[in-house]
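Q: Could you show me how to read a few features of a protein model, starting each time from the general idea?

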Amino acid sequence: MARLSRPDPLETLDHASLARLLPDLLLIGQLIDRAGMPALLGEFGVDGMRDVAIEEWQAASPHYTRRMKEALSITGDGVAEIFKGFQLDVGAPPEFMDFRYGITDHDNGEFWLDHCGALMDVEPMGDRLVTTMCHDIEDPTFPATALATNPRAVVEPIHRPPRSPEGRTPHCHWVVRIDPDAPPAPMPGPAVESASSRLIDFRFDPPAPQDTAGEGERDDYAGPLLTDLVFGEFTSAALIRVVREVYLQMHLLAVGFHQSVRRRSDLETADRLLAYQATGIAGVAAGRIRDVLGAGPDARGLAAVLDSHPLAGPTAYTGYSSRVSDDGRELTVSWDTSADAFADDTWLPLMAAGDLRPLEAAAHAVDPHWTVEAVPGDGSRLEAVLRLGEVAAKESDEVAVTRISTGAAFDFGPARTSLPITPV
């Protein structure tokens, strides 16, 4: 693996900014799936979209769940540890996917969704798509996540949509149990293929020492399962570790998407659909990050947004860096193409091949007047200069379609109280 040593932009953010950024990044990760679905529908129809979605999550969640557990010292193989993994998964961003949990003992528990943003997106489209998501996709993907903690975990529904009676709450309800007599579940085929990606075993240097004044004291998640994770209670170092992992979750979803499309078509189609996904999520992500950071539309504000963007993070993996010109009118962004991300089936190889639409979409979300110009080079770096132009760009179709999801404009509520969940 290429080991790139450069300052991590996350280490320049204060504790409050990190705590605000993390739930937004989890939500952005959820929306990656939404960004790619319209392209899949057009290419393969509902059944093909369903199958790619299943394989995308199966390719990603077993690996990133293991990594996140390691990052926060989550040990053990019980139902509580499975639920801890759910709480830090881009598939279950807090509040938008409002998971609630109950624990009976080490081997038995349940979860339910008081609010499912994904259901809110799909329910108006009819029962067929609801069943596709809540039955066809969830049945193989919940177990794929759980097996990272215990391959003998069984995830079964009590009830789930289509909702009967209409408007039923909670939106769905599931039991999870560890069956000691069950054969261990094998790693899903898509996860076996994605395991060759460099990000699977990528190792970060520890975050640089932070000024700990005014921040939380929780540096791991080794204690009891909590009703909610209040991110302000974590140290800056812990937040940086988690945010880095959330970025990798996003890249793993992109890898799973690309590999699944390529298996049922060809490399050209996989590249085209992945570029569609990347462009759609890039614009929505930049707009949300802009709001979280309170960034302005100038070059320094744009730099702050892009430095925290999934196209850039985690910088040790992507090789990203940025530089604002001395007069403050231009921003140069650069990726070292020897970085590990350029060897994986994620978004950056597409950009290195000349497709800068994701970068344009991100810049236009900060101010539609930004222009993006590639800097010619010998291929060792992907570099572009961004300048303010005279004409405002129209929002791309990819971003506009992604923005249809209710998650694109979702507002997080007040901080909740974090309480331990004890067995009953």
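Q: How many residues does helix α6 have, and what should they span?
A: An α-helix has 3.6 residues a turn, so residues three or four places apart point the same way. Helices here are DSSP runs of H or I with at least four residues, strands are runs of E with at least two, and both are numbered from the N terminus. The expected span is 1.5 Å times one less than the number of residues; the 29 residues of α6 (236–264) should therefore span 42 Å, and the end C-alpha atoms are 43 Å apart, which agrees. Of these 29 residues, 24 are buried, where buried means under 20% relative accessible area, exposed over 50% and partly exposed in between, with a 1.4 Å probe and protein chains only.

Q: What should I know about the origin of the coordinates and the numbering?
A: This is a predicted model, in which local features need pLDDT of at least 70 and side-chain atom pairs count only at pLDDT 80 or more, whereas totals for chains, interfaces and linings use all residues. Residues are numbered from 1 along each chain as its sequence is written, and side-chain values use heavy atoms, leaving out hydrogens and water.

Q: In what order do the strands of the open sheet run?
A: Strands of a sheet pair through backbone hydrogen bonds, either parallel or antiparallel. Two strands count as paired if DSSP finds at least two bridges between them, and here 4 strands form an open, antiparallel sheet in the order β5-β6-β8-β7. The edge strands, each pairing on one side only, are β5 (320–324) and β7 (370–374). β7 pairs with β8 (381–388) over 5 bridges, and Glu 373 has Val 385 in β8 as its bridge partner.

Q: What kind of aromatic pair do Phe 142 and Trp 174 form?
A: Rings of Phe, Tyr and Trp (its six-membered ring) pair if their centres lie within 6.5 Å; planes under 30 degrees apart count as stacked, over 60 as edge-to-face and the rest as tilted. Phe 142 and Trp 174 are edge-to-face, at 4.9 Å centre to centre with 70 degrees between the planes. Phe 142 lies in helix α4 (127–146) and Trp 174 in strand β4 (172–178), so the pair ties together parts 32 residues apart in sequence.
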